[in-house]
Amino acid sequence: MDEREIIAKIKRLDRAIRSYRDKNRLAYYNRDVVHEKQMAFHKCTKRNRWVFGGNRSGKTECGAAETVWLARGNHPFKSNKPNTEGWVVSVSRDVQRDVAQRKILQYLNPDWIADVVMVSGKSSNPAGGVIDYLAIKNVFGGLSRITFKSCEMGRDKFQGASLDYVWFDEEPPEDIYDECLMRVLDKKGEVFGTMTPLKGLTFIYDRIYLNNGGSDEVWYEFMEWADNPYLDKGEVEKLSASMSKDMLDKRRYGLFTENQGPVYSEFDPSVNVIDPFDVPQEWQDKLSIDPGLNNPLSCHWYAVDGDGNIYVIAEHYEAGKDVSYHARKIKEISERLDWHTDSFGRVEALIDSAANQRTLASPHSVSELFCEHGINVNPKVNKDLFSGINRVKEYLCGAFGKRLYIFRTCSNLIREIKAYRWGKGDVPRKYDDHCLDELRYYVMSRPTPPVSEEKKSEIALDKERLIGKLRRKR
């Protein structure tokens with residue numbers, strides 16, 4: 001067998017291994033992937049179970065696997081029901097698509113899916129769109145249904161159904177949580193949640209962690225990075241050393257912390273504020289705008305270097321002006337910076353999605369008005385407050401080796417960061433935060449930094465063993 005034949009054989013076997021594993025991820029999860037704390041979650045018989053975990057601790061994996069087992073009717077540790085009805089609740093449709101939905105599809109053999117109904121996108125490629133529900137063939141010969149819900153829908157969209165289970169992927173609003181408890185009541189169903197407690201001492205802290213009310217059905221556990229055997233220990237410790245205690249408690253250990261004092265305690269003017277310099281044109285990225293008429297409009301120019309560090313290099317901040325005035329000022333600053341434009345000669349910017357709204361006073365939205373004045377705005381921004389705040393915190397302290405630097409000429413942004421403080425109910429005070437809103441929109445548009453590299457997959461290890469075996473035969 002010559003070298004080309006060996007390579008061809010390896011490729012064929014590689015495809016076969018990948019195909020088999022892709023169709024049997026749930027079996028591999030139960031056999032090879034699940035760790036001790038995930039197993040405790042799966043074996044627990046309580047009807048209200050929660051995993052409080054740091055990022056990449058394995059909490060979402062066990063939520064997705066649990067959901068698929070319940071839909072298939074072949075849970076290895078429980079009495080199974082035929083034809084189950086369940087909901088998967090995410091904080092938004094975007095998060096649904098990128099997190100819970102993606103994980104569930106990974107654990108579903110395509111042969112088990114009887115039907116896919118989409119909110120958007122094509123059923124032939126459900127991973128690329130937003131799913132309404134999946135009809136799943138169960139082992140009893142019938143069909144179960146997994147329906148996806150978004151907290152953005154509001155409480156009214158969570159009424160009426162009778163369910164066997166609800167999975168909360170991250171913390172829901174309390175009114176939606178209460179509504180979902182009603183949905184599982186008549187079937188004596190269960191609710192389970194997997195979350196990183198970013199919002200402080202919320203109702204979940206009170207009703208689940210403290211278990212006010214003393215329910216016998218409440219159970220929880222904490223997962224942290226060290227519980228996940230697939231994370232590199234050296235990378236975990238290196239990342240831990242770069243984080244503030246508050247961020248480490250949340251992001252690594254999944255602990256509840258009391259939010260108080262300044263929101264951005266990680267901000268260090270001696271580190272994060274720098275003197276202006278000529279930014280290479282290849283670093284130029286986007287603008288971000290928080291619109292205002294009577295209130296100030298805030299706009300900043302963002303650049304990114306080759307290492308992923310973010311630079312805020314210019315600002316426009318002014319109140320009491322119309323869109324044409326702001327557009328003119330934005331174009332003037334862009335020309336001074338020799339800022340890049342799109343193929344139509346327009347400056348590109350992110351903008352608050354509220355700018356899409358029309359009023360009786362004007363037939364055009366703010367987004368449309370900016371476009372008419374030569375600013376190409378994109379209102380598809382992630383506005384989740386707590387995720388955005390924590391991402392900014394990570395950049396301020398350089399948690400992933402990527403830091404946020406602000407030119408000292410951006411005085412309004414610096415002032416707002418210093419003054420931004422927590423208010424009642426673990427929510428920041430809604431005051432003087434125009435710059436901070438559009439800072440979050442921009443930072444959340446950046447790729448999510450990986451926590452650490454995982455160990456080699458079984459596919460990669462199988463491939464290495466096969467190559468070694470073939471070489472020895474030669």
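**View A. Burial of strand β11 in the predicted model.** In this predicted model, strand β11, which spans residues 297-304, is mostly covered, with eight of its eight residues buried. Both faces of the strand are covered: on one side lie Leu 297, Cys 299, Trp 301 and Ala 303, and on the other Ser 298, His 300, Tyr 302 and Val 304, all of them buried.

**View B. Pairing of β11 with strand β10.** Strand β10, made of residues 284-290, runs antiparallel to β11, and the two strands are paired over five bridges. Within this pairing, Leu 287 has Trp 301 of β11 as its bridge partner, while a hairpin of six residues joins β10 to β11.

**View C. Pairing of β11 with strand β12.** Strand β12, residues 310-318, also pairs with β11 in the antiparallel sense, here over eight bridges. Trp 301, which is the bridge partner of Leu 287, has Ala 314 as its bridge partner in β12. In the hairpin of β11 and β12, five residues lie between the strands, and Gly 308 adopts a positive phi near 90°.

**View D. Packing of helices α3 and α4.** Helix α3, residues 36-43, packs with helix α4, residues 59-72, at an angle of about 35°, and their axes are 10 Å apart; the crossing of the two helices is right-handed. From α3, Gln 38, Phe 41 and His 42 meet Glu 61, Cys 62, Ala 65, Glu 66 and Trp 69 of α4. By residue class, this contact is made up of four nonpolar, two polar and two charged residues.

Methods. Residues are numbered from 1 along each chain as its sequence is written. This is a predicted model: local features need pLDDT of at least 70, side-chain atom pairs count only at pLDDT 80 or more; totals for chains, interfaces and linings use all residues. Side-chain values use heavy atoms; hydrogens and water are left out. Axes are lines fitted to C-alpha atoms, for helices over the stretch in contact, and angles run from 0 to 180 degrees between N-to-C directions. Helices (H or I, at least four residues) and strands (E, at least two) are DSSP runs, numbered from the N terminus. A crossing is left-handed if the near helix is turned anticlockwise from the far one by less than a right angle, and right-handed if clockwise. Contact means heavy atoms within 4.5 Å. Ala, Val, Leu, Ile, Met, Phe, Trp, Tyr, Cys and Pro count as nonpolar, Asp, Glu, Lys and Arg as charged, and the others, Gly among them, as polar. Buried means under 20% relative accessible area, exposed over 50%, partly exposed in between (1.4 Å probe, protein chains only). Two strands pair if DSSP finds at least two bridges between them.
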